[in-house]
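This report covers the ligand contacts, the sheet and the helices packed around it.

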Amino acid sequence: MTQSVVVQVGQAGNQVGCRFWDLALREHAHVNKKGLYDEALSSFFRNVDSRRSDGRACGVGGRIQHLKARAVLVDMEEGVVNEILQGPLGEVFDSTQLLTDVSGSGNNWAVGHMTYGLAYREQIVDHLRKAAEHCDCLQCFFLIHSMGGGTGSGLGTRVLSLLEEEFPEVCRIVTSIYPSAEDDVITSPYNSVLAMRELTEHADCVLPVENQSLVDIVNKIKRMSHTGKPGSMIKRDSTIISGQGGLTRAEKPFDDMNNIVANLLLNITSSARFDGSLNMDLNEIAMNLVPFPRLHYLVPSLTPLYTLTDVSVPTRRLDQMFSDAFSKDHQLIRADPKHSLYLACALMVRGQVQVSDLRRNIERKAGRQAYVQFPLWATHTPC
Ligand SMILES: Nc1nc2c(ncn2[C@@H]2O[C@H](COP(=O)(O)OP(=O)(O)OP(=O)(O)O)[C@@H](O)[C@H]2O)c(=O)[nH]1
Ligand SMILES: [Mg+2]
């Protein structure tokens, strides 16, 4: 099995990353009943025996000792990373994976990209190399950052170009959080434009996520769960909400929105984390969906989002999910591809689903859009 490394940069990057690790651990705990460190866990986690002074990781097959995320956490202020370290996930990271400064980039792309980018260049490369050395077969880097903040947009895109320089063969998938129109960071449009140029040049694939779409989805889920109708209760262990109660209880700002982004990452990485007969390789995302190297912005969409009560997928529901995946209410960015052209789309399906039902739905969709190619990937893992 292959491994991937998550690089989270800036406040938004680290907060979204943190939700991803929480949900990934919960998903593995749900499946891994024997407490053994298996191939599935090794894709995103190392198993470190704290009694060994050299800090080396244990191989696949042994008991789980201490799971450490294959992650590099970068922020030019300390607050967010310190909060993560003091929270329930603190043990999942160690000091060798962290890189912080004190004053932040002041919402200024140039400070992140140029000032910190040059000052921390060696240290960033060092951290990335260390994370890569812990992998037997490194397949992918997942970069998570905001487009609006100085560190996320500026240093985040600097990290991206360093990844390209140092690991040209390793796939770079970037999750970029775009600001909403009412964003309180006044420089966020400038930061976003400057960062986009870098994303176009250096990423293999970008999953743009817009904060306004996340706000809309969260508000809609809240409205639905407050109607009191049967089937409108959110399951307590649903991965769409966080461990502390998520949407049903007040949490830190952004937590509920970040859970949705974390779910996107959870689903995209599921076939790298679990076995499955129709599994896809992470490289195949870019290989199948990117027609030209710079045309690599994918519109992400998630379903089920609003029917959170039932995670099993009866046939009727699956048909609905296929339609939902193409509706703008389920997209994580406020774009309307129906007014333009789909060059390619991929449907990633999780759970116990009949392949014949999938094919029937693909024919239904593709029939109307004759030139669209539908690669089909499915993972038989819990969703
Ligand atoms: N979805 C989401 N957006 C966030 C989060 N934190 C900040 N943002 C958004 O990200 C932008 C600000 O970027 P930050 O990530 O806070 O900034 P930074 O990368 O830490 O950069 P500096 O603070 O300037 O050093 C604004 O558009 C915020 O609305 C978060 O946890 N989730
Ligand atoms: Mg910050």
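## Ligand contacts

A backbone N or O atom of Ser 105 lies 2.7 Å from an oxygen atom of ligand 1; a polar contact here is a pair of N or O atoms within 3.5 Å, and within protein one atom must be able to donate a hydrogen and the other to accept it, with residues adjacent in sequence counting only if both atoms are side-chain atoms. Asp 183 places a polar side-chain atom 2.5 Å from an oxygen atom of ligand 1. An N or O atom in the side chain of Asn 211 is 2.7 Å from a nitrogen atom of the ligand. In total, 21 residues surround ligand 1 (a heavy atom within 4 Å). The closest are Gln 15, Asn 107, Thr 151, Gly 152 and Asp 183.

This is a predicted model, in which local features need pLDDT of at least 70 and side-chain atom pairs count only at pLDDT 80 or more, while totals for chains, interfaces and linings use all residues. Residues are numbered from 1 along each chain as its sequence is written, chains are lettered from A and ligands numbered from 1 in the order in which they are written, and side-chain values use heavy atoms, with hydrogens and water left out.

## Asn 211

Asn 211 belongs to helix H8 (residues 211–225); helices (H or I, at least four residues) and strands (E, at least two) are DSSP runs numbered from the N terminus. Asn 211 has a relative accessible area of 13% and is therefore buried (under 20%, with exposed over 50% and partly exposed in between; 1.4 Å probe, protein chains only). Leaving aside neighbours within four places in sequence, Asn 211 is in contact (heavy atoms within 4.5 Å) with Ile 177, Tyr 178, Ser 180, Phe 254 and Met 257.

## The sheet

An open sheet is formed by 6 strands in the order E5-E4-E1-E6-E7-E8, with parallel pairing; two strands pair if DSSP finds at least two bridges between them. E5 and strand E8 (205–210) stand at the edges with a single partner strand each, so one side of each has no neighbour in the sheet.

Strand E6 (residues 138–146) pairs with strand E7 (residues 171–178) over 7 bridges in the parallel sense. Ser 146 has Ile 177 in E7 as its bridge partner.

## Helix H3

Val 80, Val 81 and Ile 84 are buried in helix H3 (residues 79–86). They lie on the same side of H3, because they cover an arc of only 95 degrees around the axis, taken from the directions from the helix axis to the C-beta atoms. The buried residues of H3 pack against helix H1 (10–31), strand E4 (71–75) and strand E5 (98–100).
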